[in-house]
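Visitor: I would like to go through this model one contact at a time. Please keep to what can be checked against the coordinates.

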Amino acid sequence: MQKLTRADLFSLEQYAARRAAFRRQVMAHKKPRRLAIGPHATLYFEDRLTIHYQIQEMLRIEKVFESDGIEEELKAYNPLIPDGQNWKATFMLEYDKPEERQRQLARLKGIEADVWLKVAEHPAIRPVADEDLERENEEKTSAVHFMRFELSDDDIKALRTGARLSAGIRHAAYDYTVDPIPAETHASLLNDLD
């Protein structure tokens, strides 16, 4: 999947005029790319469109219009666009009450290594998590992790011929499986692969 360049972005003025329509488009696109695993963990699979939206929003919020600032945002977010052999996702642990969230994040240390995807009977695909920086400390894990799932050629071939895709988390304090993942999520993720 092609990375974004400055030429792909709207100016702040253009974005202000297009924002509402662009946001509707992106929200509809994101819906099938959201995969809940149990009641409190969600994978939000990123792609070129979701990252385009994220960059535009950051430029808007920070009122960035100078070349250096735009290039910094591209450098920060382009690595979240899939490379054709992988899926990239934002993994979130979501609890409504702050005190509950803090308690659970302490219990869920290491959970980012326990997330998996599986194509049919192939070996589980474990994520490479938090390549940009460490998000866990001695007391707790983070509520947000960034993940890259590398697929083999056999995984991709099987998916293209209709193989089942499942997902899950196997952690001592959080153990859930989604098998198979929803058809609309499966179809959307196929678009990320070469």
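Visitor: Which residues form one aromatic cluster?

Guide: The model is predicted, so local features need pLDDT of at least 70 and side-chain atom pairs count only at pLDDT 80 or more, while totals for chains, interfaces and linings use all residues. Residues are numbered from 1 along each chain as its sequence is written, and side-chain values use heavy atoms, leaving out hydrogens and water. Rings of Phe, Tyr and Trp (its six-membered ring) pair if their centres lie within 6.5 Å; planes under 30 degrees apart count as stacked, over 60 as edge-to-face and the rest as tilted. One aromatic cluster is made up of Phe10, Tyr15, Phe22 and Tyr53.

Visitor: How many aromatic pairs does a search of the whole structure find? And why is the pair of phenylalanine 10 and phenylalanine 22 given its class?

Guide: Searching the whole structure gives 6 aromatic pairs. For phenylalanine 10 and phenylalanine 22, the ring centres are 5.6 Å apart and the planes stand at 90 degrees, so the class is edge-to-face.

Visitor: How many residues apart in sequence are the parts tied together by phenylalanine 10 and phenylalanine 22?

Guide: Helices (H or I, at least four residues) and strands (E, at least two) are DSSP runs, numbered from the N terminus. Phenylalanine 22 belongs to helix H1 (12-30) and phenylalanine 10 to the segment before helix H1, so the parts tied together are apart in sequence by 12 residues.

Visitor: Are phenylalanine 10 and phenylalanine 22 buried or exposed?

Guide: Buried means under 20% relative accessible area, exposed over 50%, and partly exposed in between, with a 1.4 Å probe and protein chains only. On that scale phenylalanine 10 and phenylalanine 22 are both buried.

Visitor: What class of aromatic pair do tyrosine 174 and tyrosine 176 form?

Guide: Tyrosine 174 is buried at 4% relative accessible area, whereas tyrosine 176 is partly exposed at 35%. Their rings are 4.6 Å apart centre to centre with 55 degrees between the planes, and the pair is tilted.

Visitor: How far apart are the closest N and O atoms of glutamate 57 and arginine 19?

Guide: A salt bridge is a side-chain nitrogen of Lys or Arg within 4 Å of a carboxyl oxygen of Asp or Glu. The structure holds 12 salt bridges. Glutamate 57 and arginine 19 form a salt bridge, and the separation of their closest N and O atoms is 2.8 Å.

Visitor: Which helices hold glutamate 57 and arginine 19?

Guide: Glutamate 57 is buried, with 9% relative accessible area, and arginine 19 is partly exposed, with 24%. The pair ties together parts 38 residues apart in sequence, because arginine 19 lies in helix H1 and glutamate 57 in helix H2.

Visitor: How many residues separate arginine 164 from glutamate 121?

Guide: Arginine 164 and glutamate 121 meet in a salt bridge at 3.4 Å, N to O. Arginine 164 sits in the loop between helix H5 (153-160) and strand S7 (165-171), and glutamate 121 in the loop between S4 and S5, a separation of 43 residues.

Visitor: Which residues do salt bridges with shared partners join into one network?

Guide: A separate salt bridge joins aspartate 175 to arginine 170, with the closest N and O atoms 3.3 Å apart. Aspartate 175 is partly exposed, at 45% relative accessible area. The network built from shared partners consists of Lys3, Asp83 and Lys88.

Visitor: Which residues gather in a patch of negative charge on the surface?

Guide: Patches are made of residues with over 30% relative accessible area and no salt bridge, like charges being joined within 9 Å and nonpolar side chains (Val, Leu, Ile, Met, Phe, Trp, Tyr) within 5 Å. Aspartate 68, a member of the negative patch, is in helix H3 (residues 67-77) and is exposed at 63% relative accessible area. The patch gathers Glu66, Asp68, Glu71 and Glu72.

Visitor: What is the phi of lysine 63?

Guide: Lysine 63 is in the loop between helix H2 (48-62) and H3, and is exposed at 59% relative accessible area. Although lysine 63 is not a glycine, its phi is positive, at about 50 degrees.

Visitor: What is omega for the peptide bond from aspartate 179 to proline 180?

Guide: Proline 180 lies in the loop between strand S8 (174-178) and helix H6 (183-190). The peptide bond from aspartate 179 is cis, with omega near -5 degrees.

How values were computed: Accessible areas come from the Shrake-Rupley method with a 1.4 Å probe; for residues, only the protein chains shown count as cover. Lys and Arg count as positive and Asp and Glu as negative; His and the chain ends are not counted. The place of a charge is taken as NZ of Lys, CZ of Arg, CG of Asp or CD of Glu.
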